[in-house]
Amino acid sequence: MPESYVPKEAIGHGDGGSAALAIGEAESLERRPGAAPPGGGPGGEPLGKPRSLWSDAWHDLYRNPVFVISALVIVFLVIIAIWPQLIATGNPYRADLAKAQQGSQPGHPFGFDTQGRDVYTRVVYGARASITVGVCATTGAALFGSLLGGLAGFFGGWWDTSLSRLADIFFGIPVILGGLVFLSVVTSTTVWPVVGFIVLLGWPQVSRIARGSVVTAKQNDYVQAARALGAGNGRMLLRHIAPNAIAPVIVVATIALGTYIALEATLSYLGAGLKPPTVSWGIDISTASTYIRSAPHMLLWPAGALSITVLAFIMLGDAVRDALDPKLR
């Protein structure tokens, strides 16, 4: 301890205030330039500074093994969806009827389907359709639902009432039955009709979450202060309310992504979703379901890939929910 150091506790009250000020000035002069003040951190910032919601959530996420494992699985799935040639060099459409329904062979670890196509290659290429449908449908439903729900929660009145009644109408449509009716008249073999249908029935759930979050956020003191200072509606929505109301929407969207992938596979299994020649896990499961006794490998591999994908997204959503929900801290 430096000899010039005098404990502040040794300084009395009253007239000692001037002495305390003098000692404080002496300590500041003796401190090296750029050094942190006593009790401070690097750069002069006080120690123990509270983190923001997002930094605190990330701090919890990367220490959560559930999040790490599910995120690694999802990253792998996204990579093979974009570049399936990295791990599958074959052609998912190439058929050899002489090998129909045969089991595992060298170079073909998953065997062949009813048309002699390599099951392993089709499982790898099937990730592209499922991931595309899940990501695009989730993004569309989240954006559309957040926009309508946020505006309804912020302005209220007739806008809020009209949106609530419209959402009730869509909530009353059975998802599977609606998909069978809506997609049965579509002849396109692309993923976009399925994406559009999922967005059409998925936005009401997001809108209700966004509405409730905005209603709660706009009652906070900082929003009232911004309004009192003359901030416009656009500034309050974008700068003050949206950043503090988006967390519940992210949680719901992350969990819904896995649900949408399972919904696409279900509709494709029933013949109303994706259609050949699109490579899809749901289509392959539907084709293999009648051969489960004679060739179970045709069903087990695409079904296993679908289950792992859905489970990974649901686990990721649960981890994000635990990190962003202050009630669980």
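Q: What makes the contact of Asp168 with Arg208 a salt bridge?
A: In this predicted model, the closest N and O atoms of Asp168 and Arg208 are 2.2 Å apart. A salt bridge requires a side-chain nitrogen of Lys or Arg within 4 Å of a carboxyl oxygen of Asp or Glu, so the pair meets the rule. Asp168 lies in helix 5 and Arg208 in helix 7, so that the pair links distant parts of the chain, 40 residues apart. Both belong to a network of salt bridges that also includes Arg165.

Q: Why are Asp168 and Arg208 called partly exposed?
A: The relative accessible area is 31% for Asp168 and 42% for Arg208. Buried means under 20% and exposed over 50%, and what lies in between is partly exposed; therefore both residues are placed in that class.

Q: How do you know that Arg211 and Asp160 form a salt bridge?
A: The closest N and O atoms of Arg211 and Asp160 are 2.7 Å apart, and the limit is 4 Å. The pair therefore counts as a salt bridge. Arg211 is in helix 7 (residues 192–217) and Asp160 is in helix 5 (residues 157–171), so this bridge ties together parts that are 51 residues apart in sequence. Arg211 is partly exposed, at 30% relative accessibility, whereas Asp160, at 13%, is buried.

Q: How do you know that the length of helix 4 agrees with its number of residues?
A: Helix 4 (residues 119–155) has 37 residues. Helix 4 is followed by Gly156, whose phi is positive, near 65°.

Q: What makes Phe144 and Trp203 an aromatic pair, and of which kind?
A: The model has seven aromatic pairs. In one of them, the rings of Phe144 and Trp203 lie 5.5 Å centre to centre, with 75° between the planes. Centres must lie within 6.5 Å, and planes over 60 degrees apart count as edge-to-face; this pair is therefore edge-to-face. Phe144 is in helix 4 and Trp203 in helix 7, 59 residues apart. Phe144 is partly exposed, at 38%, and Trp203 is buried, at 3%.

Q: Why is the pair of Phe154 and Phe155 given its name?
A: The ring centres of Phe154 and Phe155 are 5.0 Å apart and the planes stand at 90°, so this pair is edge-to-face. Phe154 is buried, with a relative accessible area of 8%, while Phe155 is partly exposed, with 48%. Elsewhere, ring pairs link Phe110, Tyr120 and Trp301 into a cluster.

Terms used:
Residues are numbered from 1 along each chain as its sequence is written. This is a predicted model: local features need pLDDT of at least 70, side-chain atom pairs count only at pLDDT 80 or more; totals for chains, interfaces and linings use all residues. Side-chain values use heavy atoms; hydrogens and water are left out. Helices (H or I, at least four residues) and strands (E, at least two) are DSSP runs, numbered from the N terminus. Buried means under 20% relative accessible area, exposed over 50%, partly exposed in between (1.4 Å probe, protein chains only). The expected span of a helix is 1.5 Å times one less than its number of residues. Rings of Phe, Tyr and Trp (its six-membered ring) pair if their centres lie within 6.5 Å; planes under 30 degrees apart count as stacked, over 60 as edge-to-face and the rest as tilted.
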